[in-house]
Amino acid sequence: MADLIAPYPMAADSSSQDLDALVAEARARFAAAADGTALENEKARFLGKTGAITELLKGLGKLDPVVKKSEGARINVAKAAIEALLTARREALANAQLEAKLSAEAIDVTLPGRGLSTGGIHPVMRTWRRIEEIFRSIGFDVADGPEIETDWMSFTALNNPENHPARSMQDTFYVDINDAEGRPLNLRPHTSPMQVRYARMHAERMRAGTSGMTDIKVIAPGRTYRIDSDATHSPMFHQVEGLWLGENISFADLKGVYTAFLNAFFETDALSVRFRPSYFPFTEPSAEIDMRFETGPLAGRWLEISGSGQVHPSVVANFGLDPQRHIGFAFGSGIERLAMLRYGIDDLRLFYEGDLRFLEQFQ
Ligand code: DAH
């Protein structure tokens with residue numbers, strides 16, 4: 001827009017009328033400038049290097065000194081007037097811009113709130129916490145350990161023979177990294193390795209047998225992994241391991257502890273517990289714990305709830321303890337299974353689908 005910044009056409013000598021007209025012209029042009037860029041272009045027309053005022057001031061040199069003084073003063077008055085108009089217009093434009101921005105970004109405080117919904121504890125976590133609380137209340141410590149395990153911890157230390165099916169690729173996930181013995185690490189298929197980890201950590205004080213410190217009494221809840229997936233199995237699931245080892249801990253203690261746990265967990269005394277012979281490499285004898293509700297929708301049916309047994313002497317030896325002195329029991333229960341029985345859920349996959357219609361029922 002070359003013509004916009006062309007100097008205002010005016011002779012170098014100026015009458016007072018010309019100067020008034022110049023100021024009026026500036027006022028009109030500045031007012032017409034719709035934005036900052038247009039305004040700065042208009043400014044050049046009057047105050048720029050070849051602008052009208054600048055040209056008038058340049059022309060003063062040719063004048064007689066007396067005339068020059070009064071002319072100079074008059075031009076400077078006009079110049080100051082134009083500068084004041086320019087500043088006023090700049091401010092007006094800036095204010096208008098701010099106003100526009102504020103109204104564009106206005107917040108309507110009368111709109112209803114977005115109604116942030118509250119989060120909740122997942123039913124599996126809820127069950128996990130509940131199990132911890134109950135076992136703590138009957139004197140058990142709670143331990144946590146790695147989900148990626150060595151072959152020795154998951155199998156060998158637990159008296160699991162090399163050719164046992166639990167070792168086969170069919171149900172154990174392996175990691176592409178070898179442990180110090182050159183065997184691939186695994187995603188632990190059960191929480192039982194925590195028996196070994198915890199017992200080995202406490203073997204020293206167990207051997208010392210300081211009074212009141214002769215027992216290991218721990219649960220270890222956590223995630224476990226198997227290549228298995230249907231209505232009652234998920235490749236990732238949760239177990240709680242239990243271990244009570246001392247100098248005189250028997251199956252009677254197992255039955256007492258586990259029954260007390262079930263009574264507290266299901267909030268009823270109206271249930272029966274039975275042991276059914278079974279096999280696990282790390283226990284001898286081994287048993288499945290079954291329970292039966294005497295009332296309610298599941299009443300009268302025996303339900304398998306946990307594996308258990310007396311800790312095998314070879315496993316006690318792998319704890320770093322003397323099987324002649326230390327004896328006790330262990331159990332391993334599925335947390336989802338307990339949650340399903342407590343809440344009456346018939347498909348385990350519901351826990352992992354993340355469907356809020358399902359999850360919200362537990363809040
Ligand atoms: N680890 C076994 C499993 O995953 C469960 C189990 C059975 C744990 C007997 C025990 C036990 O501690 O004594 O099937």
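Trainee: Where is Pro285 placed?

Mentor: Pro285 sits in strand 8, residues 283-293, where helices (H or I, at least four residues) and strands (E, at least two) are DSSP runs numbered from the N terminus. This is a predicted model, in which local features need pLDDT of at least 70, side-chain atom pairs count only at pLDDT 80 or more, and totals for chains, interfaces and linings use all residues. Residues are numbered from 1 along each chain as its sequence is written, and side-chain values use heavy atoms, with hydrogens and water left out.

Trainee: And the peptide bond from Glu284 to Pro285, is that cis or trans?

Mentor: That bond is cis, with omega near -5 degrees, whereas most peptide bonds are trans.

Trainee: What about the phi of Asn159, positive or negative?

Mentor: Asn159 has a positive phi of about 65 degrees although it is not a glycine, and Asn159 belongs to the loop between helix 6 (151-154) and strand 3 (174-178).

Trainee: Switching to the ligand, which residues come nearest?

Mentor: Of the 15 residues around the ligand, the nearest are His190, Ser192, Arg226, Gln239 and Glu241, a residue being near if one of its heavy atoms lies within 4 Å.

Trainee: Which polar side-chain atoms lie by an oxygen atom of the ligand?

Mentor: One belongs to Arg226, at 2.6 Å from a ligand oxygen, and another to Gln195, at 3.0 Å from a ligand oxygen; a polar contact here is a pair of N or O atoms within 3.5 Å. For Ser192, a side-chain N or O atom is 2.9 Å from a nitrogen atom of the ligand.

Trainee: How much of the ligand does the protein bury?

Mentor: The protein buries 91% of the 360 Å² that the ligand exposes when taken alone, with areas from the Shrake-Rupley method and a 1.4 Å probe.

Trainee: Last topic: how do the axes of helix 5 and helix 10 cross?

Mentor: The axes of helix 5 (residues 123-137) and helix 10 (residues 335-343) come within 9 Å and cross at roughly 100 degrees, the axes being lines fitted to C-alpha atoms over the stretch in contact, with angles from 0 to 180 degrees between N-to-C directions. That makes helix 5 roughly perpendicular to helix 10, a label that covers 65 to 115 degrees.

Notes:
Parallel < 35°, antiparallel > 145°, perpendicular 65-115°, else oblique. Polar contact = N/O pair within 3.5 Å; in protein donor to acceptor, adjacent residues only side chain to side chain.
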